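Biologist: I would like to learn how to read a few local features from a model. Where do we begin?

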Amino acid sequence: MPELPEVETVKRGLHKLIISKQIKSVTFDNQKSFPNSSSDIEEFLIGSKITNVRRRAKVLMIDLSSKYTLVIHLKMTGQLVFVNYSKPSVTANSVRFGGGHPTDSLVDNLPDKSTRVTITFKDDSHLFFNDQRKFGWIRLMPTLEVPNIDFMKRVGPEPLEVDFTPEEFIERFKRRPNTTIKSALLDQSVIAGVGNIYADESLWGASIHPKRLMNSLTRTELNKLYKEVRYVMNFSIEKGGSTNRNYVNAEGKKGSYMDFARVFRREGLNCPRCNSEIIKIKVASRGTHICPNCQKYPNI
DNA sequence: CACTTGACCTGTCCGC
DNA sequence: TGCGGACAGGTCAAGT
């Protein structure tokens, strides 16, 4: 899915687009896509207004005036796309000059077969929850109960918070002494928000082989990794996140971080630091991209 | 306990 | 162009 920078980008987009809108109706393909009772939906969703949009780790929260919150995890292929059908740019796509297809834009074709939930606002704009692989979930619950979700109780600190120190970073990683550094980076209970892309990118930045065991890493290496994790994720947010395959922001647009990626999905290309050929290996049963020259194992 | 491996799904790409 | 298998941004439950 979307990792921290992608979810943050969606959050910022939705914040601009849907705050104070009032929900008119909701439709979904089946009960599994929206597991709340119809009475809860009637009472706490329909008619309520959007008061805030928040993110914690890779989880999005849309707060409602009913004191309920829509909690959403996009997992691998989830999308939250806002469409304002009153805009001529969307409704006028049947008017064409010249040949070719009318449009490639995602928003012009929604809903599509990946659409699982459609929220319609009073002004007839829509928020679509699309999810090709159906791993994602959306759930309505009292705002005060959100912190009690198992995931929220377990999840580690936000790495981009200003008060998140390198000391805390190093301390957290001691929880996983005998696992590989890649596995520890992906563990959301250690720190929040790192996924496969930014794990590979930050390990390359710190010149650490992803198979290195946690307890073999020096403080200097972990300090470097701390800086790289924050650098890579902040940079990606600036670029609107990464579109590897499915990810789009709240307006249906792709992120451009992949244009700047150093190793991720760049196997066979050259390392931007030493010009060696980037290879793809498997670590923690995930596809993993490294420069075998910069990231030696063991490399102390 | 700490750690690893399937399972959840659909779609796409690659090799035969 | 058909078919099988591997693989894809994540997280749990169940296994060792």
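Modeller: With Arg265, which is partly exposed because its relative accessible area is 45%; buried means under 20%, exposed over 50%, and partly exposed in between (1.4 Å probe, protein chains only). Arg265 lies in the loop between α8 (219–238) and β9, and its phi is near 55°, a positive value in a residue other than glycine. Helices (H or I, at least four residues) and strands (E, at least two) are DSSP runs, numbered from the N terminus. This is a predicted model, where local features need pLDDT of at least 70, side-chain atom pairs count only at pLDDT 80 or more, and totals for chains, interfaces and linings use all residues. Residues are numbered from 1 along each chain as its sequence is written, and side-chain values use heavy atoms, with hydrogens and water left out.

Biologist: Which other residue has a positive phi although it is not a glycine?

Modeller: Lys75, with a phi of about 45°. Lys75 sits in the loop between β4 (68–73) and β5 (78–83), and counts as partly exposed because its relative accessibility is 33%.

Biologist: How many disulfides are there?

Modeller: A disulfide is a pair of cysteine sulfur atoms within 2.5 Å. By this rule the count is zero. Cys274 is in no disulfide, and its nearest cysteine sulfur, that of Cys291, is 3.6 Å away. Cys291 is buried, because its relative accessible area is 0%, whereas Cys274 counts as partly exposed at 28% relative accessibility.

Biologist: Which peptide bond is cis?

Modeller: The one from Leu110 to Pro111, with omega near 0°. Pro111 is found in the loop between α3 (88–91) and β6 (115–121).

How values were computed:
Chains are lettered from A and ligands numbered from 1 in the order in which they are written.
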